[in-house]
Amino acid sequence: QVRLVESGGGLVQAGDSLRLSCAASARTYSSYAMAWFRQAPGKERDFVATISWSGDSTDYADSVKGRFTISRGNTKNTVYLQMNSLKPEDTAVYYCAAAATLNSGSYYLRQYNYNYWGQGTQVTVSS
């Protein structure tokens, strides 16, 4: 069982930056790929960014490439999403997700790969 707790959301203006954090706690030691997804009002939840357990491999949605950066903390149980040049269309609830994996270099783009989810943190970008 993995518990994920997101933090760092808030209300900002277009062009500002925010850093989201996701703290993971697990009862057993395992390798987890991590990701951020987001859900805007009235829309489906979409992929934003993912990172492998090793931290060496990442991938991003086209809409955030060059603006968002996903990273892991030194202990690997914290994942960050640095969001720069925010736009009103980035407004959404952001969810952290974890997927158990045997391959430290793997990451996943699909929601169905992820076993564990956080409760979400609201990001609102005003124009």
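# Reading a core, a sheet and some rings

Phenylalanine 68 is buried, with a relative accessible area of 2%.

User: What does "buried" stand for here, and where is phenylalanine 68 placed?

Analyst: Buried means under 20% relative accessible area, exposed over 50%, and partly exposed in between, with a 1.4 Å probe and protein chains only. At 2%, phenylalanine 68 therefore counts as buried. Its place is in strand 7; helices (H or I, at least four residues) and strands (E, at least two) are DSSP runs, numbered from the N terminus. Before going on, note that this is a predicted model, where local features need pLDDT of at least 70, side-chain atom pairs count only at pLDDT 80 or more, and totals for chains, interfaces and linings use all residues. Residues are numbered from 1 along each chain as its sequence is written, and side-chain values use heavy atoms, with hydrogens and water left out.

User: Which residues does phenylalanine 68 touch?

Analyst: Contact means heavy atoms within 4.5 Å. Leaving aside residues up to four places away in sequence, phenylalanine 68 touches Arg38, Val48, Tyr60, Leu81, Gln82, Met83, Asn84, Leu86, Asp90 and Tyr94. Tryptophan 53 is 15 residues from phenylalanine 68 in sequence and 19 Å away in space, C-alpha to C-alpha.

User: How do I read the pairing of strand 7?

Analyst: Strands of a sheet pair through backbone hydrogen bonds, either parallel or antiparallel. The rule here is that two strands pair if DSSP finds at least two bridges between them. Strand 7 and strand 8 have 5 bridges, in the antiparallel sense, and methionine 83 in strand 8 is the bridge partner of phenylalanine 68. The open sheet has 4 strands in the order 1-3-8-7, with antiparallel pairing. Strand 1 and strand 7 are its edges, each pairing on one side only.

User: Which residues have the most contacts inside the largest nonpolar core?

Analyst: A nonpolar core is a set of buried Ala, Val, Leu, Ile, Met, Phe, Trp, Tyr and Cys residues joined through side-chain atoms within 4.5 Å. The largest one has 36 residues, and Met34, Trp36, Leu81, Met83 and Tyr94 have the most contacts inside it. Elements giving two or more residues to this core include strand 1 (2-7), strand 4 (32-39) and strand 8 (78-83). Strand 9 gives the largest share, 6 residues.

User: What describes a pair of aromatic rings?

Analyst: The distance of the centres and the angle of the planes. Rings of Phe, Tyr and Trp (its six-membered ring) pair if their centres lie within 6.5 Å; planes under 30 degrees apart are stacked, over 60 edge-to-face, and the rest tilted. That rule gives 6 aromatic pairs. Take phenylalanine 37 and phenylalanine 47: 5.8 Å centre to centre, 70° between the planes, edge-to-face. They sit in strand 4 and strand 5, 10 residues apart, and both are buried. Phenylalanine 37 also pairs with tyrosine 114: the centres are 5.6 Å apart and the planes at 75°, so this pair is edge-to-face. Tyrosine 114 is in the loop between strand 9 and strand 10 (116-117), 77 residues from phenylalanine 37. Ring pairs join Phe37, Phe47, Tyr108, Tyr114 and Trp117 into a cluster.

User: Where do charges sit over rings?

Analyst: The test is NZ of Lys or CZ of Arg within 6 Å of the ring centre and within 35 degrees of the ring normal. Arginine 19 lies over the face of tyrosine 80, 4.1 Å from the ring centre, and the charged end of arginine 45 sits over the ring of tyrosine 95, 5.0 Å from its centre.
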